[in-house]
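Here are my notes on this model, point by point. Please keep the structure open while reading.

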Amino acid sequence: EGIMATNIIYDRIFKGLKLILGRRAVIEGDLEPKAAEFIRLSTETSPELIENTGASYAMLYSINIDLVTNRAKRPKYITQALANIIRLLNQNTAYTTGGVYYWHDGAIITTEPGTLLDEDGQVLYAGRILWTATHTELK
């Protein structure tokens, strides 16, 4: 079940988010673009089993969606950029495309505009959205 959940994170959750958010979206651990701005996707917590029936099980996935920018931006710009991401997420609370089911019950849990720096003073992100979604898999 653990391997299955890992594959679903990549094959459904991250892949679906990349389809919605576009080429700017990269998965944490992948080569980060040299672009001035991109969106980093990472897992907040391990997937949580929320329903287990004889025929299927449902897992809740918690994902950090970080707006990363390597130049100083006005707070208004960051707020607007986050609002654009939020709009895309809200338009796709359930996502199926090309006959492939990705998730349902997508929800924004928190939004944190504001820059977080690492210990070397490098910008980790300019804003973070914590988003959850459920994926149900047939047994």
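1. The structure holds four aromatic pairs. Rings of Phe, Tyr and Trp (its six-membered ring) pair if their centres lie within 6.5 Å; planes under 30 degrees apart count as stacked, over 60 as edge-to-face and the rest as tilted. Take Tyr 10 and Phe 14: the ring centres are 5.3 Å apart and the planes stand at 80°, so this pair is edge-to-face.

2. A word on the basis. This is a predicted model, where local features need pLDDT of at least 70, side-chain atom pairs count only at pLDDT 80 or more, and totals for chains, interfaces and linings use all residues. Residues are numbered from 1 along each chain as its sequence is written, and side-chain values use heavy atoms, with hydrogens and water left out.

3. Where do Tyr 10 and Phe 14 lie? Both are in helix α1 (residues 2–21), four residues apart, about one turn of the helix. Helices (H or I, at least four residues) and strands (E, at least two) are DSSP runs, numbered from the N terminus. Phe 14 is buried, at 2% relative accessibility. Tyr 10 is partly exposed, with a relative accessible area of 41%. The cut-offs: buried means under 20% relative accessible area, exposed over 50%, partly exposed in between (1.4 Å probe, protein chains only).

4. Now the aromatic cluster. Tyr 95, Tyr 102, Trp 103 and Trp 131 form one. The charged end of Arg 12 sits over the ring of Tyr 102, 5.8 Å from its centre. That label requires NZ of Lys or CZ of Arg within 6 Å of the ring centre and within 35 degrees of the ring normal.

5. Tyr 95 also has Trp 103 as its bridge partner in β6. Strands β5 (residues 95–97) and β6 (residues 100–117) pair in the antiparallel sense over three bridges; pairing needs at least two DSSP bridges between two strands. Their hairpin has two residues between the strands, and Gly 98 takes a positive phi near 60° there.

6. β6 also pairs with β7 in the antiparallel sense, over nine bridges. Leu 116 stands opposite Tyr 125 in β7. This hairpin has five residues between the strands, and Gly 121 takes a positive phi near 80°.

7. Check Arg 128, in strand β7 (residues 123–138). Its side chain joins that of Asp 66 through a polar contact of 2.7 Å. Such a contact is a pair of N or O atoms within 3.5 Å; within protein, one must be able to donate a hydrogen and the other to accept it, and residues adjacent in sequence count only if both atoms are side-chain atoms.
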